[in-house]
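Here are my notes for a colleague who is meeting this structure for the first time. Please read them with the model open beside you.

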Protein chains: 2
Amino acid sequence: VATEFERIALIQAILGPPPNDVSLGIGDDAAVLAPCQPEQQLVWTVDSFVEGVHFRPDLMTWRDVGWRSLMTAASDLAAMAATPIGALAALVLPTSLRDNDLLDIARGQRNAAQTISTAVVGGNLSRGSEVSISTTLLGRTTAPVRRDSARAGHALVACGDIGLAAAGLRLLLRDPKHPPDDADALCAIEAFRHPVARIADGLRFGPVGSALIDVSDGLAQDAAHICEASRVRIEIDLGSLIDDRIARLARRVGVDASDLVLNGGDDYALLGTVAADQVPEGFRVIGRCVEGHGVWLAGTNRRIDLHGHDHFRSV
Amino acid sequence: VATEFERIALIQAILGPPPNDVSLGIGDDAAVLAPCQPEQQLVWTVDSFVEGVHFRPDLMTWRDVGWRSLMTAASDLAAMAATPIGALAALVLPTSLRDNDLLDIARGQRNAAQTISTAVVGGNLSRGSEVSISTTLLGRTTAPVRRDSARAGHALVACGDIGLAAAGLRLLLRDPKHPPDDADALCAIEAFRHPVARIADGLRFGPVGSALIDVSDGLAQDAAHICEASRVRIEIDLGSLIDDRIARLARRVGVDASDLVLNGGDDYALLGTVAADQVPEGFRVIGRCVEGHGVWLAGTNRRIDLHGHDHFRSV
């Protein structure tokens with residue numbers, strides 16, 4: 001394999017020059033950003049993407065790994081109604097990882113970053129026993145939307161598919177080498193491999209919304225984060241979430257459609273609360289906030305059990 | 001072990017509330033920072049600290065691990081002449097790591113952050129097969145000092161011990177359970193376990209210096225980074241680097257004192273270039289920049305072989 005410094009040069013050639021508001025990119029002790037506007041606030045997040053936990057190399061290419069590591073981290077900026085300034089990536093790599101695989105990771109990161117009009121402007125390479133990518137992103141916003149400001153009376157809204165990526169993962173797991181290629185399956189597998197951080201949707205939601213989160217742990221779990229932070233009760237209208245495609249996919253992978261949409265995760269949809277007469281374009285109503293606490297199924301007396309992803313408990 | 005969300009709450013209690021210029025800390029999708037001043041530039045870095053590569057749990061406590069992971073990342077801000085705004089920490093943890101060990105990591109991070117007047121304001125917890133901590137820091141500066149602006153004719157200067165931490169590591173490796181406790185050994189082991197990012201020294205150097213880097217890979221290797229980026233030749237005066245204590249420690253651990261100071265790393269001293277009549281307080285002259293290229297021993301015709309740390313080559 002190439003040396004650490006040769007690898008940095010190869011990655012730098014793939015990532016290209018830094019964008020305009022980054023005055024110093026790869027190659028020094030740290031990146032330097034142009035001063036921001038006084039009316040803007042900085043939003044800052046970090047997320048890890050670990051082999052054997054967040055991905056399996058037999059289920060996606062190294063390019064997919066690079067894409068997904070960047071997009072799932074960037075999704076946290078969308079959930080704050082922020083637009084990205086840049087990203088840094090800390091890569092921990094086993095010595096067995098080939099140079100070409102590393103460069104494919106960098107290509108996936110670059111493609112993902114370009115898709116949301118940003119760039120990887122620095123990072124770090126370390127050795128380790130498994131591939132692990134920690135991506136930190138900075139964004140700017142004039143109106144950050146928090147989790148703790150949902151209001152009783154507001155509608156619960158979503159933007160993006162929910163449950164589709166979880167169906168895609170299950171299809172892949174059944175036969176990683178020969179995944180099905182009909183329209184439903186391709187859609188679901190693509191949702192799993194190539195989520196897109198909903199930056200533009202978050203920005204449209206920012207000025208009107210009361211609370212916003214991205215669906216990473218699973219809809220029920222992430223709704224519970226809003227409930228707990230905002231001290232409201234959330235009622236989810238299951239019917240609004242299960243369309244024909246999700247119903248077909250759920251039957252194919254042998255799980256309840258309700259389980260798929262409530263506990264699926266991995267889609268990186270946006271979940272927000274907003275006055276019912278101010279729902280922005282691209283968002284659909286999937287429930288409501290009322291006084292109380294907990295996550296419930298609308299029209300029933302059923303409180304939803306939480307089966308979202310927990311890193312330190314088996315579920 | 002506690003759940004992921006219980007662990008976050010426990011860590012949050014240790015880390016305390018965010019500082020004044022951080023308007024939203026732990027608990028949302030991302031941290032939010034107060035707008036910065038227009039005359040300031042943001043400096044942004046990320047660094048990983050990996051079990052079995054950067055540390056061994058038998059050589060330091062978990063509190064030391066937390067301290068060192070934060071300080072070694074913060075050292076990159078010092079090397080840009082920046083003052084920290086805050087840190088995010090992405091922790092990858094095996095399920096075997098006990099809650100108390102995790103909280104000790106957080107205590108070490110908090111103590112290190114307080115020492116340089118900043119705080120950990122967010123992060124991420126993931127599962128993985130080894131402990132790995134990726135720390136990202138933001139800083140602000142009015143005068144970032146790069147690697148690529150050293151000038152022939154300037155003095156090469158250093159701030160902080162060089163080679164001491166490498167001697168400490170070698171002492172620890174000889175008998176991890178019963179390290180020696182005489183004054184020389186205590187000093188060296190402390191330098192290894194508790195480096196301090198030289199923030200105030202970097203700020204003092206910023207307005208006068210031409211180039212600056214922190215010594216993490218080893219003095220010769222980091223000097224070479226300046227040489228290559230700035231296209232100058234650096235001559236190191238070995239005599240200025242080997243004091244009585246380093247000479248005694250080198251004999252004890254059975255290595256050449258010159259090897260200890262040139263290839264040691266781990267001290268997180270600052271290495272800079274500056275006009276000879278403008279060397280700031282706390283910095284000492286250890287060589288000079290001249291026309292040419294490469295790192296050489298002053299007063300000799302010897303070019304220094306580079307044995308600095310490379311993550312993907314054995315040396």
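1. The largest cavity is lined by Leu42(A) together with Asp21(B), Leu33(B), Ala34(B), Cys36(B), Leu42(B), Ile85(B) and Arg140(B). By class, this lining holds six nonpolar, no polar and two charged residues, where Ala, Val, Leu, Ile, Met, Phe, Trp, Tyr, Cys and Pro count as nonpolar, Asp, Glu, Lys and Arg as charged, and the others, Gly among them, as polar. The volume of the largest cavity is about 40 Å³.

2. A word on the basis of these notes: this is a predicted model, in which local features need pLDDT of at least 70 and side-chain atom pairs count only at pLDDT 80 or more, while totals for chains, interfaces and linings use all residues. Residues are numbered from 1 along each chain as its sequence is written, chains are lettered from A and ligands numbered from 1 in the order in which they are written, and side-chain values use heavy atoms, with hydrogens and water left out.

3. The second largest cavity has a volume of about 30 Å³, and its lining consists of Asp21(A), Leu33(A), Ala34(A), Cys36(A), Ile85(A), Arg140(A) and Leu42(B). These residues divide into five nonpolar, no polar and two charged. The count comes to two cavities of 30 Å³ or more; a cavity here is a set of points, on a 1 Å grid over the protein atoms alone, where a 1.4 Å probe fits but cannot get out, and lining residues have an atom within 4 Å of a point. Grid points are joined across faces, edges and corners, and a volume is the space filled by probe spheres set on the points.

4. Over all chains there are six aromatic pairs, a pair being rings of Phe, Tyr and Trp (its six-membered ring) whose centres lie within 6.5 Å, with planes under 30 degrees apart counted as stacked, over 60 as edge-to-face and the rest as tilted. The rings of Phe55(A) and Trp62(A) are edge-to-face, because their centres are 6.0 Å apart and their planes stand at 75°. Both Phe55(A) and Trp62(A) are buried, that is, under 20% relative accessible area, whereas exposed means over 50% and partly exposed in between (1.4 Å probe, protein chains only). Ring pairs also link Phe49(A), Phe55(A) and Trp62(A) into a cluster.

5. Phe205(A) and Phe283(A) form a stacked pair, with 4.8 Å from centre to centre and 25° between the planes. Since Phe205(A) lies in helix α6 (residues 199–205) of chain A and Phe283(A) in the loop between β10 (270–274) and β11 (284–290) of chain A, the pair ties together parts that are 78 residues apart in sequence. Helices (H or I, at least four residues) and strands (E, at least two) are DSSP runs, numbered from the N terminus. Phe205(A) and Phe283(A) are both buried.

6. The charged end of Arg233(A) sits over the ring of Trp296(A), 4.0 Å from its centre, and in chain B, Arg233(B) lies over the face of Trp296(B), at 4.0 Å from the ring centre. The rule asks that NZ of Lys or CZ of Arg be within 6 Å of the ring centre and within 35 degrees of the ring normal.

7. Helix α7 (residues 219–230) of chain A has 12 residues and reaches 16 Å from its first C-alpha to its last, close to the 16 Å expected at 1.5 Å a residue, the expected span being 1.5 Å times one less than the number of residues. Of its 12 residues, 10 are buried, including Leu219(A), His225(A) and Ser230(A). Arg231(A), which follows α7(A), has a positive phi, near 55°.

8. Which residues of chain B deserve a look for their phi? Asp266(B) has a positive phi of about 75° although it is not a glycine, and Tyr268(B) has one of about 60°, likewise without being a glycine. Asp266(B) is in the loop between α9 (257–263) and β10 (270–274) of chain B, and Tyr268(B) is found in the loop between α9 and β10 of chain B. Asp266(B) is buried, with a relative accessible area of 18%, and Tyr268(B) is buried at 9%.

Note on methods: 1 Å grid on protein atoms, 1.4 Å probe; cavity = no way out; pocket = protein on both sides within 12 Å on 5 of 7 lines; lining within 4 Å.
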